[in-house]
Amino acid sequence: FDAALQRYRDPGSGDKMNSCAEQEAWEEHQIGKATLKFGSKKKRQMSDDHQFVFEDQIEFIKASVMDGVKVFQRLSSSALLIFHLWLDERKTLPIYPYREELLKAVKEYQVLVIVGETGSGKTTQIPQYLHEAGYAEHGKIGCTQPRRVAAMSVAARVSQEMGVKLGLEVGYSVRFEECTSAKTVVKYLTDGMLLQEFLREPNLASYSVVMVDEAHERTLSTDILFGLLKASINSFNLFKDISRSRSDLKLLISSATLDAVKFSDYFNSAPIFKIPGRRFPVDIHYTKAPEPDYLDAAVVTVLQIHVTQPLGDILVFLPGQEEIESAAEVLKHRTRGLGSKIAELVICPIYGNLPTDLQVKIFEPTPEGARKVVLATNIAETSLTIDGIKYVVDPGFSKVKSYNPRTAMDSLLVNPITKASAMQRAGRSGRTGPGKCFRLYTAHNYHADMEDNIVPEIQRTNLASVVLTLKNLGIRDLVHFDFMDPPPSEALLKALELLFALGALNSVGEPTLLGKRMAAFPLDLMLSKMVLASEKYKCSEEIITIAAMLDVGDSIFYRPKDKQVLADNAKMNFHTGNVGDHIALLKVYCSWKETNFSTQWCYENFIQVRSMKRARDIRDQLERQLERFGIELTSNADDLEAVKKAITSGFFPNSAELQKFGSYRTVKSRQTVHIHPSSGLAQVLPRWVIYHGLVLTTKEYMRQVTELSPKWLVEIAPHYYQQKDVENPGAKNLPRGQGRATRG
Ligand code: CDP
Ligand code: MG
């Protein structure tokens, strides 16, 4: 440490990235702080509190690194010291004692199932061990994650531990964001991205190891990867092509729960490697009676813990971004009311769409004397480990996507969690010491009402996109594809029907040129179709903007509680002429572009600048993808009909006609649906509409709605609609004044 300290005192000995005066002053400041810290700790070291001293020093380095990548670069002259400290911290993880044994097992077996509790070091350490053991010499080490945030944050962490800049040796790849280079050998990527890579490289020749992490989550992409990877390592049966066989590919399946036997059975009895975890006792408290309002109960519980329990951070599980934001707001409001009577409460939200710069905040050490409360989605259940959590608040809900193949309706509903989830959640409080878990449901609820395990996504989702991927990989017989748990045959059939209707498959079920192109787009199928159809209507410029804005989702408009009227008025400006939600999104983007992408303009118009920037990034990528296909970018801004026809080309299955009392009926599936109140057409109620998607909340709502001329349906999709579908006599029953075409 003395030598290390010397490096800190002598900044001139390192290789500076940049020598401007400001930066030097800044470094001096940091180095001063470092010396101070190390100095004071040295005294403590003499009092034999070695372990504590050591951890504290790590904290300092972490904090400076966590300030952002730049800080890390500026301190790069001290990278050696940082590296050593990481190395030592790495040795304290539960997985470390098993390093050699694990490497031996990987060497011996082609497929290995690895089980270890969350936080034991599977995700961050195993790829590093493999790298250290030379596996990266003849290929990449890939590690898949079900969630993009996890992939990004883990890659950042591992790059720090390895002392390299993120994006060089260690990188990540998530949808619309690639942070890798030719040098990248350790690559974290979402399972969906690896699936995309299969299309470009059907035998994954550039990989020497693939680790399918968080396998217990059983996402759709993970399940499909299982089938493809299994086929790749003994390829004869599936691809019927010896050259695709990868007898050299190492496959690791890692999971946090104990249902590993199922994975092992599936992979021809692959051995199971268990990493014993360390876990402290967790006190579980249930509520006496069911909570009528779980969000309020969660907030109250957090405040109760804060005022009555010893220091230690709190982790609250909430279903989604919306609930997290509103809980954060209420917590801020209530703690402000209490002023200095209570200790500081640092509120940290974490959810899938959280911008990268805010993600690092959850890992920052809690200031002395304060308490951190992390408001998280399921992401904190197993994919991210936050140190220092002592209390868990579990309302018992999560958002689950489900799909009804009969009605072709996707829904994202808040559902009760499973027993397996409840146990995982509770366990998060007992990682570094004894913990407490407050379940906001009754013990009876837990035992009697909760399912044991989650239904794999493949059995409750729309399969169209995955079916297209498999078809593009040359897999003809989907019924006999080796699924770990097969999807319902009705869902497969529906997927094939939709692909056929969209023109992605031909009559014998093979992908068409359109289908090949659609699969290459990292977009939802119908969006891809819409984008590709824009070529015909000469409005690709407009359509890729709309596609990018739709892909960003609900987070474009900002509606603060205290300024709702102002926000709604600002939003209505984009809807002048009842143009519909798609065109309104286009107008938002174009106006922003006209101001030269001004942040100020976003504030003034209650638009979230971050979402807009994301839309711009996505748009750029779509532009490049079209260029790759040789599709010319053309603008047709004055012809809104052309734009709407291109939208219809992708979304014609989503058409609906107005009924009595302002409800709608979907034309093909005969479902009763409603225009979502957030739509610009919610009061207008045009007779025919096309919608982006359905959500089931209090009612079945159509989101992002645009008026449609019914003859377009027959014109654009004659194989799908017949004249009688759009000559519905239902119009006679319409209330007066409704159902007239609006002019825009
Ligand atoms: O994958 P597994 O749950 O077994 O553990 P891991 O994600 O490799 O985490 C190992 C350690 O790294 C934990 O103590 C985490 O708190 C820490 N970590 C972190 O501090 N920041 C990250 N972005 C990721 C992990
Ligand atoms: Mg992990």
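Helices α9 and α10 are oblique to each other, a term used here for angles that are neither under 35 degrees (roughly parallel), nor over 145 (roughly antiparallel), nor 65 to 115 (roughly perpendicular). This is a predicted model, in which local features need pLDDT of at least 70 and side-chain atom pairs count only at pLDDT 80 or more, while totals for chains, interfaces and linings use all residues. Residues are numbered from 1 along each chain as its sequence is written, and chains are lettered from A and ligands numbered from 1 in the order in which they are written.

Helix α9 spans residues 191–200 and α10 residues 220–233, and the two pack at an angle of about 40° with their axes 8 Å apart, where helices are DSSP runs of H or I with at least four residues and strands are runs of E with at least two, numbered from the N terminus, and where axes are lines fitted to C-alpha atoms over the stretch in contact, with angles running from 0 to 180 degrees between N-to-C directions. On the α9 side, D191, G192, L194, L195 and F198 meet S221, T222, I224, L225 and L228 of α10 (contact: C-beta atoms, placed from the backbone, within 7 Å).

Strand β12 (residues 371–376) is largely enclosed by the rest of the structure, because six of its six residues are buried, that is, have 20 or more other C-beta atoms within 10 Å of their own. R371, V373 and L375 point one way from β12, whereas K372, V374 and A376 point the other way. Strand β10 (residues 313–317) runs parallel to β12 and is joined to it by four bridges, pairing of strands requiring at least two DSSP bridges; the bridge partner of I314 is V373. Six bridges join β12 to the parallel strand β11 (residues 345–350), in which P349 stands opposite L375 of β12.

Note on methods:
A residue is buried if 20 or more other C-beta atoms lie within 10 Å of its own, exposed if 12 or fewer, and partly exposed in between; C-beta atoms are placed from the backbone. Two residues are in contact if their C-beta atoms, placed from the backbone, lie within 7 Å.
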